Every structure is written in C-alpha cells, then in structure tokens.
Protein chains: 2
Amino acid sequence: MEKDTKGITAEKDEFGEWFSQLMLKADLADYTAVSGAIVFKPRSYAIWEKIKAEVDARFKKAGIKNCYFPMFIPESVLAKEVEHIEGFAPEVAWVTHAGNKKLNERLAVRPTSETIMYESFSKWIRSWRDLPLRLNQWNNVVRWEFKHPVPFLRTREFLWNEGHTAFASEQEALGEENEIIGIYKEVCEKLLALPSLPGRKSEKEKFAGAVFSTSLEFVLPNGKAVQGPDFHHDGQNFAKAYNITFLNKNGEKEYVWQNTFAISTRMLGVMFAIHSDEKGLIIPPALSPEKVVVVPILFESKRKEIEEFVRKVEKHLPEERVVDWREHKPGFKFNEWELKGIPLRVEVGPKEVEQEQVVLVRRDTHERKIVNLSKLAKEVNRTLDDIQRNLFARAQKLVDHSLVEAESFADLERAIKEKKIALAPMCKNRECEDELKFKTSGAKVLNIPFEQPKNLSSKKCVICKSQADYLARVGKSY
Amino acid sequence: MEKDTKGITAEKDEFGEWFSQLMLKADLADYTAVSGAIVFKPRSYAIWEKIKAEVDARFKKAGIKNCYFPMFIPESVLAKEVEHIEGFAPEVAWVTHAGNKKLNERLAVRPTSETIMYESFSKWIRSWRDLPLRLNQWNNVVRWEFKHPVPFLRTREFLWNEGHTAFASEQEALGEENEIIGIYKEVCEKLLALPSLPGRKSEKEKFAGAVFSTSLEFVLPNGKAVQGPDFHHDGQNFAKAYNITFLNKNGEKEYVWQNTFAISTRMLGVMFAIHSDEKGLIIPPALSPEKVVVVPILFESKRKEIEEFVRKVEKHLPEERVVDWREHKPGFKFNEWELKGIPLRVEVGPKEVEQEQVVLVRRDTHERKIVNLSKLAKEVNRTLDDIQRNLFARAQKLVDHSLVEAESFADLERAIKEKKIALAPMCKNRECEDELKFKTSGAKVLNIPFEQPKNLSSKKCVICKSQADYLARVGKSY
C-alpha cells in the first residue's frame with residue numbers, strides 16, 4: 001500500500017541518473033508523450049511562481065511593464081534580421097496547418113519574441129516622448145533542440161521572462177545592463193541561494209543579433225556550466241532590420257537602441273541540481289512552498305496527549321507547514337520529507353510532550369537539536385535563515401573549488417578532464433574558439449569576467465599563443 | 001506634435017466599429033502580422049494580471065494547485081476521446097516540422113489540455129489516497145476560428161485558466177460546481193462589476209466530452225450574448241478514454257469523476273464593451289491600474305504655487321495615480337484620460353490653490369464636485385466605491401432591459417429582431433435546437449437558468465410545440 005518513496009539509488013557523481021531520479025521522486029517533474037517536454041508538477045511550479053513574483057516586482061519598480069504578444073510569428077517577420085533567423089531557424093517548430101486547411105505562410109512558434117515585438121515597436125514609437133519603451137512578457141517558448149533532454153535544464157518548451165526595451169541613446173540603453181543583471185543576481189543569490197559567475201559572452205557565443213551579451217553562469221555538481229539569466233545589448237541591429245525610428249528633440253529621425261533580457265525555468269534545474277544530495281531534494285527556505293514538516297511519533301497509549309501537544313506546537317510555527325498524521329512508520333515519513341526537501345523537520349513523541357520540547361532536524365546538515373516550546377518560534381526562524389545562508393556558502397565553495405587558472409593549453413586540458421572551469425587567457429579570434437571546441441571535444445568560452453588583470457601583456461592565448469585579449473572562463477556547458 | 005487622442009468617432013450603437021476604435025485608442029490592444037491574434041498592451045495586460053491574481057488566490061484557498069503541462073499534444077493523444085477530438089479538430093493549429101525535419105507525428109497546439117493532462121492523471125492516480133486531485137494551469141491556448149476576429153472577444157490565441165480535477169465519487173465532483181461558479185461569479189461581480197446569467201448549457205451547446213456544462217453568460221451592448229467563465233462536469237467520460245482509475249477503500253478499481261473549468265481574457269473584452277461609452281474606456285476602479293489622474297491647469301504666473309499645491313494634493317490620493325504635467329491644453333488632457341478610462345480626475349487651477357480645494361470629476365457620470373483638501377482622501381475613496389457600485393448597477397439595468405419573455409416563436413422572433421435575449425420554453429430535443437438556429441439565422445440556447453417555474457405543464461416548446469422541458473435563454477451570441 002505504501003507509495004514508492006525509496007530514496008535516490010544513484011550517487012550524486014552519476015549526475016544524469018541521480019538528477020533524473022531526483023526530479024521524479026521529489027515530485028518535481030514528469031515526462032509526457034511529447035518528446036523533450038515535461039510537466040512542471042505543483043511542487044516545482046510553486047517555486048517558479050515565487051521566483052517570477054520576485055523578479056516581476058523588481059521589474060515593475062524599475063518601470064518595466066508587462067504585456068503579451070502572439071506566440072505565432074509569420075516566417076517573413078521572423079526572417080527580417082539575418083543573424084537572428086540563422087541562429088534560431090534550426091530549432092523552430094513550424095505550424096503549417098489549421099484544422100484541415102494549409103496556411104498560406106508557415107508560422108513559427110516563438111523561440112523568442114524580438115521579431116514580432118519589434119514590428120509593433122516600429123508602429124508605436126514616433127518621437128523621443130515615446131522613449132524609453134520598456135516591456136516584458138512572461139510566457140512559454142519553444143526551441144526544438146536535438147540534444148538529449150533533461151528536466152528543467154534542457155527542455156524543448158520552457159517558461160521565462162523576455163524583456164525588450166528601446167532607448168533614445170546608446171548610453172541610456174547601456175545603463176540598463178547593471179540594473180537588470182543586478183536584479184537577476186540578487187534574486188539568484190538571496191532566493192535561490194546560488195552564487196553566479198557574471199561576465200560577457202564571447203563573439204562566438206553571444207546572442208544571435210546582439211552587439212554583446214552578458215550572462216550569469218552557474219556550475220553544476222558534474223562540473224558542467226549552465227548559462228542562467230542573460231542580458232543582450234542589440235545596439236541598432238534590430239532597429240535597422242525592423243525600422244524602429246523616432247524623431248529626436250531636434251526633429252531628426254534616429255534609430256532606437258535596444259536591449260533584451262531573460263530568466264527561465266532552467267534556473268529551477270540549476271538550483272535543484274546544486275543544493276540537493278543523495279537523500280533527495282534540498283531547496284532554500286526562501287523558496288520552499290513548505291518550510292516545516294511536523295512528524296508526530298505516535299504511540300497509541302499517548303495518542304491524545306501527542307495530538308494536543310502538536311496543536312500547541314503548530315502555534316509556534318510558520319504558516320507554510322505540514323503535519324504528517326498518516327499511518328506510516330516515522331522512518332518512512334522522515335525519508336519521504338527529506339526526499340521532498342522540506343528544510344526543517346519537527347519531531348514530537350511522548351518524551352517531547354512530557355518535557356514540553358521538540359526535536360528540530362535540519363535538512364541541509366541533518367543536525368538535530370532539542371528546543372523548548374517557548375523558544376521554538378525564534379529558533380525555527382533563526383534556523384531557516386541559517387539554512388538559507390549555509391546553502392549559499394556551500395554553493396560558493398563548489399564554485400571556488402571548480403575554478404582553476406590555466407596558463408597553457410595543457411593546463412586547460414587537465415582542467416577540463418578534471419571537470420573544472422578554467423580561467424584561461426584567450427584572444428578574440430573566432431577561429432581560436434572553434435579550435436578550442438574541437439580540441440577539447442566541446443569545451444567553450446562560458447563568459448569573460450568583468451574584472452580582468454590590469455596587465456595582460458604577459459598572457460598568451462592558450463590556443464594560438466598570440467597576445468591574449470582577456471582571461472576567459474572555459475568549460476563544458478549544458 | 002500631439003498624438004492622435006481624438007475620441008471615438010463611432011456611436012456605441014455601431015458596435016463593431018466603436019469597439020475596435022476603443023481597443024486601439026484606449027491603448028488596450030493592437031493588431032499584428034498574425035491574423036486573428038492581438039497584442040495585449042500593458043494597460044489591458046495589467047487588468048488581466050489583477051483578475052488572474054484574484055481568481056488564483058481563491059483557487060489556492062480552495063486547495064487547487066497550479067502546474068504547467070506542455071503546449072504540444074501528439075495527435076494520437078488528442079484523439080482518444082471521440083467527442084472531444086470531433087469538437088476541436090476543425091480549429092487545431094498543427095505543428096508538422098521542427099527546424100528542417102518533418103515530425104513523425106503531428107503535434108496539436110493545445111486548444112485545451114484535457115487530453116495531455118489526463119495521460120498524466122492516469123499515471124499519477126493509484127488509490128483513493130491520491131484523490132481529489134485538483135490542478136490548474138494559467139496558460140495560452142489556440143483555437144483557429146475562421147469567423148471575423150474581434151480583440152479579446154474572439155481571438156485565435158487567448159489566455160485563460162484551465163482547472164482539471166478528479167474525484168473518487170460523483171457526488172464530490174458535483175459538489176465542486178457551486179464552489180467554482182461561486183468564485184467566478186464573485187470575481188465578475190465585485191471586480192469586473194458585471195452581473196451574469198448563470199445556467200446549464202443545452203445538449204447541443206455543452207463542452208465536447210462533458211456530461212453537462214454550466215456557464216455565466218453576459219450581454220453586450222449590441223444585444224449579443226457572450227459566454228464567460230464555465231464549468232464542465234465530465235462524469236467518467238475522460239476517465240474511461242484515458243484509463244484514469246483508482247483503488248477504492250475496499251481495494252476495488254473504479255474510474256474517477258472529473259470536472260474542468262475556465263475563465264479567459266475574453267472577459268476583458270466583455271468588460272470593456274459593457275462599461276465604456278462614446279468618450280472612451282470606462283473600467284471599474286477595483287481593476288483600474290490608475291485610479292486617479294491629477295490635471296494641473298497651468299498659468300505661467302501661478303506655476304510655482306500650483307506645483308506646490310499639487311504636491312500637497314498628492315498626499316491625499318491613492319498610490320495608483322498619475323499627475324499629467326505635460327505641455328498640453330487642459331481640454332486635450334481631459335479627453336485623453338477619459339479615453340483611457342481613469343475613474344477619477346482631479347483638476348487644480350489657480351482658484352483651487354487659493355481656496356485649498358480641488359475639482360473632482362467622475363468618469364462614469366461626468367459629475368463635477370468641489371472638494372476641500374481636508375476632505376479629499378475620504379471623498380476620493382467614497383467616490384471610487386460609488387463608481388464601482390454604479391457601474392454594476394448600470395450593467396444590471398442593461399441585462400434587465402435586454403431580457404424578455406417569449407411564449408411563442410413569434411415572440412422569440414420579435415425579441416431576436418430587437419436584439420434582446422428571450423426567455424423561451426423549449427424541449428430537450430436536439431433537432432429543435434438545430435431548427436431554432438436555422439429559423440432565426442443563428443440564435444441559439446445560451447443557457448438554461450437554474451431557477452425554473454414550479455410548473456411547466458402549460459408551456460410548449462416554441463419550436464415543436466410539444467411539452468417544454470425548461471425555459472431557456474435564447475439569443476445571438478459571439
């Protein structure tokens with residue numbers, strides 16, 4: 001009669017197997033008949049709702065407004081910006097029929113909405129008074145990747161925000177970068193408890209159609225990097241392709257300056273992967289739909305006393321709590337709630353009733369503590385804060401541990417083999433990036449840290465050995 | 001230099017033209033290159049966000065959980081429930097290619113998600129302990145209608161909630177109807193200020209695959225009815241098609257009992273159409289992103305005094321306000337804000353500064369009132385409440401005015417000609433519904449009121465003249 005709540009049977013080292021078991025057993029995702037797409041089950045969707053609410057409140061405060069554009073983009077509209085269409089065409093899902101009727105023109109299911117939004121921007125923007133125009137959408141997009149799908153981390157449909165802004169001057173547009181990256185970074189650090197590696201994308205890896213891209217990169221337990229939220233400065237590339245002009249204060253026609261930015265449900269996968277362990281899910285208390293689970297340890301003779309005491313205990317606990325009254329053995333319940341990642345467990349047995357105390361067990365460290373009822377509320381809050389801090393600190397250690405410096409290609413090769421991220425001198429040459437990928441079977445420039453040594457003159461590109469232009473983060477990536 | 005903020009140049013009687021001008025000029029929607037799909041501009045999307053938040057909070061309180069399912073549904077999955085696929089197939093948008101590759105199986109862009117969700121339900125539900133399962137999605141759906149599209153009211157892509165629930169018994173499933181219809185009705189009445197006509201759908205008009213459907217119907221100014229939120233009891237129809245079974249407390253296998261329910265962005269169109277007038281948009285204060293606009297009437301000589309006084313005035317106003325400092329004539333500004341539907345206008349000129357007062361003008365009645373600064377906060381709140389109540393009362397009068405009783409087909413015909421909704425005796429015979437539609441060039445049974453006369457024996461079906469089964473609401477509909 002008991003459900004399958006056996007813990008995860010893979011070590012975290014076998015990342016693929018461990019992660020896929022974690023997703024299914026912690027009730028976060030499920031596969032469907034649609035290849036590469038998953039169900040976001042209520043437990044993961046609730047976390048996405050919280051992330052969304054936090055980002056959205058910050059966007060609104062910054063003056064960015066939400067809207068909604070059609071999900072279908074006619075092929076001719078998608079094709080107007082050349083680099084953009086080249087970047088996305090191989091992954092576009094095409095609608096060709098409606099009912100029994102063949103459409104006159106194929107419709108792309110949006111892989112991103114630049115093209116359809118900018119058609120409207122070119123109608124809406126007339127003068128400098130209409131600028132800045134700062135819009136955002138929370139929606140679903142489709143990128144039909146042919147690589148092996150992984151829940152949250154690589155799915156053909158995912159959820160995200162896409163911010164699209166237009167400014168009267170390059171300087172104003174550039175000024176948005178810190179604001180947006182700051183919002184994403186803060187949400188990742190404070191809520192997801194994840195330290196990130198911010199930096200510029202290389203020429204090869206930047207967004208299709210952008211002048212430059214900035215990303216936050218994260219490191220998974222298997223040593224692979226994942227790109228998180230990003231920000232793209234598009235200059236006037238799209239403005240020229242979609243004819244988005246305005247009359248400036250002198251009555252002269254100019255093209256607008258544009259940015260786009262996004263955070264996606266991929267971050268759920270990053271967060272689940274980094275914090276969790278072999279017993280199951282670990283999630284930061286700030287995002288956990290339930291913060292505390294109370295497990296009464298029922299002895300028939302003491303049942304009434306325990307029930308009464310639990311009701312008293314509940315008064316000292318946050319609203320986001322569950323009490324597990326089911327007829328299962330305590331060990332079974334402990335395992336199940338650990339698997340599901342509830343940050344704190346409160347155990348109440350006859351001894352606790354007698355002494356007006358409870359046993360508090362942390363999900364992250366498994367530390368047990370006896371807490372008197374009178375101090376429970378304070379201790380619970382303090383511990384939840386401490387778990388949040390500890391998860392961030394642990395994740396920071398992982399990042400620190402995985403970063404190594406490389407001076408030569410041999411250093412770099414060793415780092416990649418050891419599943420590390422290398423900080424390596426490189427030149428801007430696109431061919432060096434291609435060669436890097438080829439010689440390492442897939443490693444690439446993740447991004448280029450904003451902080452660079454003052455003097456790079458002694459640094460040589462690890463590929464072509466000519467003068468390096470920067471130190472780049474290099475590694476394998478999702 | 002001034003933007004086109006001319007009021008609407010059509011009378012409300014020319015509904016189509018009036019409504020389409022209203023949508024564009026009040027900055028609510030725009031057309032795109034995608035036929036039948038619109039942009040939800042920030043001003044309408046913000047209202048949808050509020051409606052969504054209110055409904056969502058009530059769902060969560062009821063124990064319904066949000067989740068997200070893939071938007072693509074393989075043709076074979078969609079086809080498992082026969083009536084369902086027959087109902088939706090003519091309007092399905094089909095994805096046939098990804099990148100350059102033809103897919104092995106066509107994928108439907110969801111017109112609704114029963115089929116893909118119930119595939120998962122059949123995996124997830126094992127025993128009575130897993131029930132009830134009450135899930136909801138907020139997402140986008142596509143129904144490729146070939147009728148003339150109208151912003152919000154009839155668009156090929158729209159946004160909605162879709163609730164999908166499974167229960168162990170028929171009785172429990174039926175018990176959900178009042179709860180859900182109650183939530184939708186309350187939100188429509190209290191927030192959208194719209195009275196509705198609740199009732200059962202006829203056999204012909206019920207949802208494809210349902211045992212019965214319940215709808216809230218609304219009446220537009222052009223006399224046409226629109227179906228608003230609805231609730232469908234599916235009995236065990238989908239459970240049998242998708243094999244959703246559970247072991248009951250006696251260990252016996254049973255099929256679950258299911259419901260589905262939805263509210264969509266169509267309600268934005270209904271609300272805009274019912275409340276607004278020839279001057280432009282009117283929206284209930286409870287949903288208006290901005291509740292008050294302050295228009296300073298600037299005289300250069302008094303500019304400083306007016307600016308100072310406006311800052312004082314602002315302290316007495318709600319946070320959701322705008323102050324219009326632009327260099328336009330007051331009349332221009334009044335028109336623009338009336339067009340955009342801000343519920344209350346505050347005018348401040350030299351005279352007001354002198355006398356420490358303001359002029360308050362209501363959007364709904366155009367009533368002007370002089371209010372002393374010391375009483376402003378209270379008066380603004382009182383007036384906003386009164387506008388909310390007044391809009392509901394006006395809408396109620398429209399409904400009352402449009403409902404007429406019909407005893408015979410002649411009565412019914414006259415009612416339809418006069419663009420009314422008739423309450424007419426009808427029998428359950430599906431052929432009578434077909435004939436009704438044919439003989440009236442398109443009128444249909446909107447729904448069947450829950451409250452019926454105690455004795456129907458004297459009532460004859462207006463079509464076949466045999467014994468009537470009920471009084472039905474009959475009219476033309478979107």
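Mentor: Two strands pair if DSSP finds at least two bridges between them. Helices (H or I, at least four residues) and strands (E, at least two) are DSSP runs, numbered from the N terminus. The model is predicted: local features need pLDDT of at least 70, side-chain atom pairs need pLDDT 80 or more, and totals for chains, interfaces and linings use all residues. Residues count from 1 along each chain as written, chains are lettered from A and ligands numbered from 1 in written order, and side-chain values use heavy atoms, without hydrogens or water.

Trainee: What makes S8(B) and S14(B) a pair?

Mentor: They share 8 bridges, running antiparallel. The cut-off is at least two, so they pair. In S14(B), B:Gln258 stands opposite B:Ala166.

Trainee: How many bridges join S7 (residues 133–142) of chain B to S8(B)?

Mentor: There are 10, in the antiparallel sense. B:Gln137 has B:Glu162 in S8(B) as its bridge partner.

Trainee: Why is the pair of B:Phe59 and B:Phe261 called edge-to-face?

Mentor: Rings of Phe, Tyr and Trp (its six-membered ring) pair if their centres lie within 6.5 Å; planes under 30 degrees apart count as stacked, over 60 as edge-to-face, the rest as tilted. The rule gives 38 aromatic pairs over all chains. Here the centres are 5.6 Å apart and the planes make 70°. That is over 60, so the label is edge-to-face.

Trainee: What makes B:Phe231 and B:Phe261 stacked?

Mentor: Their centres are 6.2 Å apart, with 10° between the planes. That is under 30 degrees, so they are stacked. B:Phe231 sits in strand S11 (residues 225–235) of chain B, 30 residues from B:Phe261. Both are buried.

Trainee: How do you know that the charged end of B:Arg200 sits over the ring of B:Phe212?

Mentor: The rule wants NZ of Lys or CZ of Arg within 6 Å of the ring centre and within 35 degrees of the ring normal. B:Arg200 is 3.7 Å from the centre of the B:Phe212 ring. B:Lys224 also qualifies, over the ring of B:Tyr478 at 5.3 Å.

Trainee: What is the span of helix H12 (residues 376–402) of chain B, and what is expected?

Mentor: Its 27 residues reach 38 Å from first C-alpha to last, close to the expected 39 Å. The expected span is 1.5 Å times one less than the number of residues. Its buried residues include B:Val380, B:Thr383, B:Leu384, B:Ile387 and B:Leu391. An α-helix has 3.6 residues a turn, so residues three or four places apart point the same way.

Trainee: What makes S16 and S19 of chain A edge strands?

Mentor: The open sheet has 5 strands, ordered S16-S15-S17-S18-S19 (chain A), with mixed pairing. S16(A) (321–323) and S19(A) (368–372) each pair on one side only. S18(A) (residues 357–362) and S19(A) pair antiparallel over 5 bridges, and A:Gln357 has A:Asn372 as its bridge partner in S19(A).

How values were computed:
Buried means under 20% relative accessible area, exposed over 50%, partly exposed in between (1.4 Å probe, protein chains only).
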